[in-house]
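Have the model open as you read.

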Amino acid sequence: MSANPVQDIFNYSPRQLTGLMQSWGETPFRAKQIMAAAWTPGTSLFSQVSMLPLALRKKLDDFFLISKPFMPKNLVTSTDGTSKALFELSDKLQIESVAIPFRNRLTFCLSSQVGCSLGCRFCATARMGFIRNLTTAELVGQLRGLIALVKRLPTSIVLMGMGEPLQNLDSVRSFVELIHHPQALNWSANKTTISTSGWLPGLEAITQNPLPAKLAFSLNAVTDGMRSQIMPVNRRYPLADILAALKKYAQAKQESITVEYVLLKGVNDRPEDARILARLLKSLPSKINLIPWNEVAGIPFHSPSAEIVQQFKTELLKQGALATLRLSRGAAIGAACGQLARQHHRRAA
Ligand code: SAH
Ligand code: SF4
């Protein structure tokens with residue numbers, strides 16, 4: 001049994017684990033066996049894994065712990081079936097993750113950071129400020145926690161919870177590489193989506209070195225003036241730069257991008273905005289996802305009426321853009337996009 005293992009096996013990407021096994025004089029095949037064992041529900045120690053040689057089992061237990069799926073400290077389920085889980089991390093910080101069933105689909109929305117540094121004016125998480133990045137194991141802990149909770153695998157995973165995933169690229173990369181590995185979840189690349197507010201260094205990094213995931217970009221405004229007002233990240237990386245980088249990304253990956261557009265009443269919801277939006281995206285392979293703003297207590301925005309939302313969508317379609325309307329699931333329990341933030345942080349803000 002272990003003296004004091006300090007490394008969580010889920011903090012190791014397949015590549016890192018293979019490298020470690022090689023440095024221990026083991027074959028790459030061992031890394032596969034170890035990963036398969038760690039992802040088998042119920043394995044808590046490598047000493048239980050009879051297919052591994054005894055000496056290696058001992059060494060593994062001395063080196064690694066196999067963290068358990070996160071257990072919700074609090075759980076709220078809305079009438080539409082959406083469940084929001086509050087998870088407590090080892091340092092007592094808290095994050096939220098959401099399971100969203102819809103017809104025969106099940107989406108897990110995971111957090112990538114505790115809080116967020118980017119300060120979007122309409123977002124609840126922004127008001128926590130940035131506390132810290134999540135580790136790969138904490139991303140895995142959320143995923144396994146939600147699987148244990150709803151007792152089935154999701155059909156898609158989105159990194160659209162708390163935080164900016166491209167500011168935590170190391171953990172996010174290891175996480176997506178891990179879940180796509182045949183010995184872990186054997187997940188397929190088109191079932192994971194990473195959402196970014198336009199963090200340019202991260203976008204350039206995943207253009208150079210692609211991730212097995214799709215990309216969503218939160219545009220939310222069609223002029224630099226308005227975007228800088230509601231998304232301060234735009235002052236650092238303005239629209240022209242970010243759109244050019246997205247084009248490069250789409251070209252390099254041969255893939256279309258989802259452009260998220262949160263509709264804020266009287267701010268970005270005029271037919272003229274829809275026309276500019278369609279024009280801005282003309283040369284970017286993309287589809288637009290309209291998201292009527294979800295209410296956050298104390299944030300002075302409003303959601304446009306259903307009529308205005310429809311008009312906006314119709315205008316986009318008229319201009320030849322592809323646009324869908326995202327149904328707001330879990331809004332009543334504060335589980336929808338942009339609503340995740342801990343109460344005590346909210347009070348402190
Ligand atoms: N930081 C990343 C991912 C997390 S935010 C990003 O910004 O893309 C996920 C999505 O929620 C983004 O598209 C963001 O614009 C949107 N969002 C934030 N607050 C919202 C709110 N109150 N209502 C609706 N969408 C919101
Ligand atoms: Fe951060 Fe995204 Fe919220 Fe902006 S919308 S503050 S980038 S989590």
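One cut-off first: a residue is called exposed when its relative accessible area is over 50%, and buried when that value is under 20%. Keep in mind, too, that you're looking at a predicted model.

With that cut-off in hand, go to Asn 186, in the loop that links α5 (169–180) to β10 (192–196). Its relative accessibility is 52%, so Asn 186 counts as exposed. The backbone here is worth a look: Asn 186 isn't a glycine, yet its phi is positive, at about 55°. As a rule, most residues other than glycine have a negative phi.

Arg 103 gives you another case, with a positive phi of about 50° even though it is not a glycine either. You'll find Arg 103 in the loop between β5 and β6. At a relative accessible area of 75%, Arg 103 is exposed as well.

The largest pocket comes out at a volume of about 930 Å³. It is lined by 34 residues, and those closest to its centre are Thr 107, Ser 156, Val 158, Asn 289 and Arg 326. Which strand gives the most to this lining? That's β13, with four residues. Several other strands supply at least two residues each, including β5 (94–102), β6 (105–109), β9 (156–159) and β12 (257–263). Sorted by class, the lining has 17 nonpolar, 10 polar and seven charged residues.

The second largest pocket has a volume of about 270 Å³. Of its 14 lining residues, Trp 39, Pro 41, Gly 42, Pro 69 and Arg 144 are the closest to the centre. Where does this pocket lie? Domain 1 (7–65) and domain 2 (74–333) both give residues to its lining, so the pocket sits between them. Helix α4 (residues 136–150) makes the largest contribution, three residues. By class, this lining splits into eight nonpolar, four polar and two charged residues.

Last stop, ligand 2. Around it you'll see Cys 116, Leu 118, Gly 119, Cys 120, Cys 123, Ala 126, Gly 163 and Ser 197. What is the make-up of this shell by class? Five of the residues are nonpolar and three are polar, with no charged ones in the shell around ligand 2.

How values were computed
Residues are numbered from 1 along each chain as its sequence is written. Chains are lettered from A and ligands numbered from 1 in the order in which they are written. This is a predicted model: local features need pLDDT of at least 70, side-chain atom pairs count only at pLDDT 80 or more; totals for chains, interfaces and linings use all residues. Side-chain values use heavy atoms; hydrogens and water are left out. A residue is near a molecule or strand if one of its heavy atoms lies within 4 Å of it. Ala, Val, Leu, Ile, Met, Phe, Trp, Tyr, Cys and Pro count as nonpolar, Asp, Glu, Lys and Arg as charged, and the others, Gly among them, as polar. On a 1 Å grid over the protein atoms alone, a cavity is a set of points where a 1.4 Å probe fits but cannot get out, and a pocket is an open set with protein on both sides within 12 Å along at least five of seven lines; lining residues have an atom within 4 Å of a point. Grid points are joined across faces, edges and corners, and a volume is the space filled by probe spheres set on the points. Domain bounds come from an automatic or database domain assignment. Buried means under 20% relative accessible area, exposed over 50%, partly exposed in between (1.4 Å probe, protein chains only).
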